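Subject: Structure handover and notes

Dear colleague,

Please find below the structure I promised to pass on to you. My notes on it come after the display, and I would be glad if you read the two side by side.

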Amino acid sequence: MSHAYPPTGHEDSRGSWDLPAAPTGVAGVLVGHPFDTVKVRLQVQSVEKPQYRGTLHCFKSIIKQESVLGLYKGLGSPLMGLTFINALVFGVQGNTLRALGHDSPLNQFLAGAAAGAIQCVICCPMELAKTRLQLQDAGPARTYKGSLDCLVQIYGHEGLRGVNRGMVSTLLRETPSFGVYFLTYDALTRALGCEPGDRLLVPKLLLAGGTSGIMSWLSTYPVDVVKSRLQADGLRGAPRYSGIMDCVRQSYRAEGWRVFTRGLASTLLRAFPVNAATFATVTVVLTYARGEEAGPEGEAVPAAPAGPALAQPSSL
């Protein structure tokens, strides 16, 4: 019996990786970005003067006031970072899994967590620019012309520390969520018996991928709310928070525990279809494209599994 999930990345003799998830990842960002814009706006809106009553009202308001393009503010940032993040995550996850010696649920979690932590180097500045662009006013009053201009301006005013604003909260979010992400996908594909040739392979992969995305978000969502608030802090007016714990205290004092679930509906609406489609597409395409590799004496042997496909839980 083959491994519980089909091979999803190709490793050469030097330990490098092909990144077949890139086209699917771009599609996922395009589909998921409007939901992310709604999530961010709900997370950071003022409790004293709330602009939006909920997810649907936020969607309608953005389209009415800024057109459909308003939902795609900040899109350039995740698109620019996608390839670099995929390269880091695939490489780190695969190499960590090999370094740990054997494939097990615990090692899947540890390898995913390591990958999540490393990619924060790119993810944090990328999400800072994305968040600032999603929240800035439209038209001539806008502060930033684009993602790069946003980071250049922040660096000019605040230096390297400003560009990495929210790094600790990003680490606290990404490290466990990536572990949960890979662990859930591995456990579900094993439990569902996802094997090449199974006539129900695609529905099973859709279920496993979508559920993995939801579980990874649920595992650290309150931290994401704090991260968004810290990265948006000071955009309109003087900064309010001195750090993570101060943000948690002020947010809880003003709005109670529900503040840490703001924007969750939009996130989950996006997480299942985007992650399901990405996991299923990449896994199925690679399974049938690679097929069987020739053995040393000409016999066919199954290709070595390289780990589950990646559908970014931070940018998707």
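Predicted model: local features only at pLDDT ≥ 70, side-chain atom pairs only at ≥ 80, totals over all residues.

Residues are numbered from 1 along each chain as its sequence is written, and side-chain values use heavy atoms, with hydrogens and water left out.

The secondary structure of the protein chain comes to 10 helices and 2 strands, where helices (H or I, at least four residues) and strands (E, at least two) are DSSP runs numbered from the N terminus. Along the sequence the pattern is α-α-α-α-α-α-α-α-α-α-β-β. Of the 316 residues in the chain, 51% are buried (buried means under 20% relative accessible area, exposed over 50%, and partly exposed in between, with a 1.4 Å probe and protein chains only). Among the contacts (heavy atoms within 4.5 Å) with a separation of 6 or more, 77% are between residues 24 or more positions apart. The chain exposes about 14,300 Å², with carbon and sulfur atoms supplying 65% of that area; accessible areas come from the Shrake-Rupley method with a 1.4 Å probe, and for residues only the protein chains shown count as cover.

The structure holds 17 salt bridges, each being a side-chain nitrogen of Lys or Arg within 4 Å of a carboxyl oxygen of Asp or Glu. One of them joins Arg 173 and Glu 127 at 3.0 Å, N to O; Arg 173 lies in helix 7 (residues 167–192) and Glu 127 in helix 5 (residues 120–135), so this pair ties together parts that are 46 residues apart in sequence. Both Arg 173 and Glu 127 are buried. Within helix 1 (residues 21–44), Lys 39 and Asp 36 lie 3 residues apart, about one turn of the helix, and form a salt bridge whose closest N and O atoms are 3.4 Å apart; Lys 39 and Asp 36 are likewise buried. In helix 7, Asp 186 and Arg 190 are 4 residues apart, about one helical turn, and meet in a salt bridge of 2.9 Å, N to O. Asp 186 is buried, with a relative accessible area of 0%, whereas Arg 190 is partly exposed at 37%.

Helix 3 has 24 residues and reaches 35 Å from its first C-alpha to its last, close to the 34 Å expected (1.5 Å times one less than its number of residues). Helix 3 bends by about 40° at Leu 82, the bend being the angle between axes fitted to the seven residues ending there and the seven starting there. Just after helix 3, Gly 101 takes a positive phi of about 100°.

Tyr 72, in the loop between helix 2 (55–66) and helix 3 (76–99), is partly exposed at 31% relative accessibility.

Finally, Ile 244 is in helix 9 (residues 244–255) and is partly exposed at 24%. Leaving aside neighbours within four places in sequence, Ile 244 is in contact with Val 168, Ser 169, Leu 172, Val 226 and Leu 230.
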